[in-house]
Amino acid sequence: MTEDIRQIADVVAERIETLILDGVLKPDQRLPSERQLSEKLGFSRSALREGLKLLRARGIILTEHGRGSFVAKLMPEPATPLMHLFSEHPRTIYDLLEVRALLEGESARLAAMRGTDADFILIRRRYEAMVELTQSGKEIELREHAKLDHAFHLAVCEASHNPVLVHTLQSLTDLLISSVFASLNNLYHRPVQRRLIDRQHARLYHAVVDRLPEQAKRAAVEHIHSIRDNLMEIEAEEQRIHRASLRLHGW
């Protein structure tokens, strides 16, 4: 490879790396065809191929025969034994909610400060998709709702323009969707809690798009703390019922 080609390949690789860091290209996303990618980036296809070779060597791009090239997972996924422990021991949901409050509170604050008009359009789309599902009058499939709920929170995080925050949350996607599902499964069938969750999402959405950083952070943290407190109250109520039942039957 000549020096000129090597320099161009470095530039191509850097451009694609920036798109990945900025969340434009996401982990597991299939890259556009060579022709489309060369047109979008403004490089020749030969320069593009050399840039992709560099990215493959760095483990950032993976290529599968017959399927094309994909963005690699950038953050290590939680190990399978750890995932098993989290899924089999529901009490760990409180630890996850604690982490969510820390990460998503700051994400919301930064999104309100740094978000662009394009970010807010994406946030609005995610928010409206979630609202449309909840107001459709149909029986809600909770796993679908959990995915839309998570997508809304992730869109807010992406508007923070902090790649470390974004990729940290993306690496926890399975755990986060599980926590959202557990929350909805325990709370969303209760009318009071359902209305509260819907209001909290609306408050977070408006604080971010209205560029109110402290209100956005407070809305995100209060939303997650509210879920935590309500889950703990339900758990305590179930324990009271269980103890009363034991006494009733002579234990």
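Throughout these legends, buried means under 20% relative accessible area, exposed means over 50%, and partly exposed lies in between, as computed with a 1.4 Å probe on protein chains only. The structure is a predicted model, in which local features need pLDDT of at least 70 and side-chain atom pairs count only at pLDDT 80 or more, while totals for chains, interfaces and linings use all residues. Residues are numbered from 1 along each chain as its sequence is written, and side-chain values use heavy atoms, with hydrogens and water left out.

View 1. Helices (H or I, at least four residues) and strands (E, at least two) are DSSP runs, numbered from the N terminus.

**View 2. Gly23 in the loop between helix 1 (3–21) and helix 2 (34–41)**. Gly23 counts as buried, at 12% relative accessibility. The C-alpha atom of Gly23 is separated by 7.3 Å from that of Pro163, although the two residues are 140 apart along the chain.

**View 3. Helix 6 (residues 117–134)**. The 18 residues of this helix should span 26 Å at 1.5 Å a residue, which agrees with the 26 Å between its end C-alpha atoms; the expected span is 1.5 Å times one less than the number of residues. Seen down the axis of helix 6, its buried residues fall within an arc of 160°, so they line one face of the helix, the arc being that of the directions from the helix axis to the C-beta atoms. These buried residues are Asp119, Phe120, Ile123, Tyr127, Met130, Leu133 and Thr134, whereas Asp117 and Glu132, on the other side of helix 6, are exposed. The buried residues pack against helix 5 (92–114), helix 7 (142–158) and helix 10 (191–209), where contact means heavy atoms within 4.5 Å.

**View 4. The largest nonpolar core, with 20 residues**. A nonpolar core is a set of buried Ala, Val, Leu, Ile, Met, Phe, Trp, Tyr and Cys residues joined through side-chain atoms within 4.5 Å. The residues with the most contacts inside the largest core are Ala108, Ile123, Phe152, Val156, Leu204 and Val208. Two or more residues come from each of helix 5, helix 6, helix 7, helix 10 and helix 11 (213–248), and helix 10 gives the most, with 6 residues. Leaving aside neighbours within four places in sequence, Val156 is in contact with Ser107, Ala108, Ala111, Ile123 and Val208.

**View 5. The packing of helix 5 and helix 10**. These helices pack at an angle of about 35°, with their axes 7 Å apart; axes are lines fitted to C-alpha atoms, for helices over the stretch in contact, and angles run from 0 to 180 degrees between N-to-C directions. Ala108, Ala111 and Ala112 in helix 5 meet Leu204, Ala207 and Val208 in helix 10.

**View 6. Ser183 in helix 9 (residues 173–187)**. Ser183 is buried, with a relative accessible area of 4%. Not counting residues up to four places away in sequence, Ser183 touches Ile93, Tyr188, Ile227 and Leu231.
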